[in-house]
Amino acid sequence: MMNTFWDLFLSATSQGLLWSLMAIGVYLTFRILDLADMTAEGSFPLGGAITTMCLINGVNPILATLAAFGGGMVAGLVTGILNTKLKIPALLAGIVTMTGLYSITSRVMLNAANVSLLGKATIFTMAQNLGLSHNNAVIVTGLIISLLVIGLLVIFFRTEIGLAMRATGDNTEMSAANGIKTQNMKIWGYMISNGCIALSGALLAQNNGFADLNSGVGTLVVGLASIIIAEVLIRNLAIGGRMLTLVIGAIIYRLILALVFQMNVEPSDAKLASALVLIVCLALPNFKLSRKNKGENKSGSSTEN
């Protein structure tokens, strides 16, 4: 029993570390900029497709992974322009970009529904060449990349542009009144966010051994669930601490899913299981707040009596 749980934990950890980059990307738009961005479900498979095709054509795995990040940034740029320059609402702009990215990703994959990486060197096989098992290679590589991305983002948000971006998310009107080019800040936010999401897609494609055109369906749920779990665990953290808890949130989410799938859930019900887990995660903070308010009301009533 313990061995089974340990195996599930290691699997959830390896997957959670790779998915945490998706959570970080979603967090940047959802919490920092206060925008609902659906581009994630298009930039995620785009990242996997770019990396896979690069690897098939003999590109170094590290460069192929960075190419995916660049592709995600371009996707974010398109959404940012639609939202800020063309005045299309954020949610609709993301949907438009996501829809267009489906065709672009299909073209990148040469109109194939999925492309295999069988026998090709990946960023994880590079780690395995150092003597690590596959699972350990995924965990070590995922941890290094996650910490590197978090470190770079923490440094970025301490710069003038980073502070201006956070101010834009807090109060767009006040930021504009103080001379901040809020439209540019939003575009940068979209670009960095989708770059991280595409990076997650690239790493997961290399771990799974193939890129899938439809892999982006439901990925936004993973990012949102990881954010909610992280915020339920610990509140009121600085941005660096919050991003670290997003990694933990992603691991916990994957562990919950792994435990659910141990109950002989059909593969076709995977998305339903993910949605139900998200519903629980979203409802839990409200449930805790409701109980807290009831407790305060009872204590207040007894004091008055």
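Methionine 243 is in contact (heavy atoms within 4.5 Å) with Ile24, Leu28, Ile150, Leu153 and Phe157, its neighbours within four places in sequence being left aside. The structure is a predicted model, in which local features need pLDDT of at least 70 and side-chain atom pairs count only at pLDDT 80 or more, while totals for chains, interfaces and linings use all residues. Residues are numbered from 1 along each chain as its sequence is written, and side-chain values use heavy atoms, with hydrogens and water left out.

Met243 also belongs to the largest nonpolar core, which has 57 residues; Met243, Leu153, Phe157 and Leu203 are those with the most contacts inside it. A nonpolar core is a set of buried Ala, Val, Leu, Ile, Met, Phe, Trp, Tyr and Cys residues joined through side-chain atoms within 4.5 Å. Buried means under 20% relative accessible area, exposed over 50%, and partly exposed in between (1.4 Å probe, protein chains only). Helix α1 gives the most to this core, with eleven residues. Another core, of eight residues, lies apart from it and includes Ile50, Cys54, Ala64 and Leu117.

Three aromatic pairs were counted. Rings of Phe, Tyr and Trp (its six-membered ring) pair if their centres lie within 6.5 Å; planes under 30 degrees apart count as stacked, over 60 as edge-to-face and the rest as tilted. Tryptophan 6 and phenylalanine 9 are stacked, because their ring centres are 5.6 Å apart and their planes stand at 25 degrees. The two residues are three apart in helix α1 (residues 2-32), so about one helical turn separates them. Tryptophan 6 is partly exposed, at 49% relative accessible area, and phenylalanine 9 is partly exposed at 31%.

Tryptophan 19 and phenylalanine 44 form a stacked pair, with 5.1 Å from centre to centre and 5 degrees between the planes. This pair links distant parts of the chain, 25 residues apart: tryptophan 19 lies in helix α1 and phenylalanine 44 in helix α2 (residues 40-56). Tryptophan 19 is buried, at 11% relative accessibility, as is phenylalanine 44 at 4%.

The axes of helix α7 (residues 160-170) and helix α9 (residues 182-208) come within 9 Å and cross at roughly 100 degrees. Helix α7 is therefore roughly perpendicular to α9. Axes are lines fitted to C-alpha atoms, for helices over the stretch in contact, and angles run from 0 to 180 degrees between N-to-C directions; angles under 35 degrees count as roughly parallel, over 145 as roughly antiparallel, 65 to 115 as roughly perpendicular and the rest as oblique. Helices (H or I, at least four residues) are DSSP runs, numbered from the N terminus.
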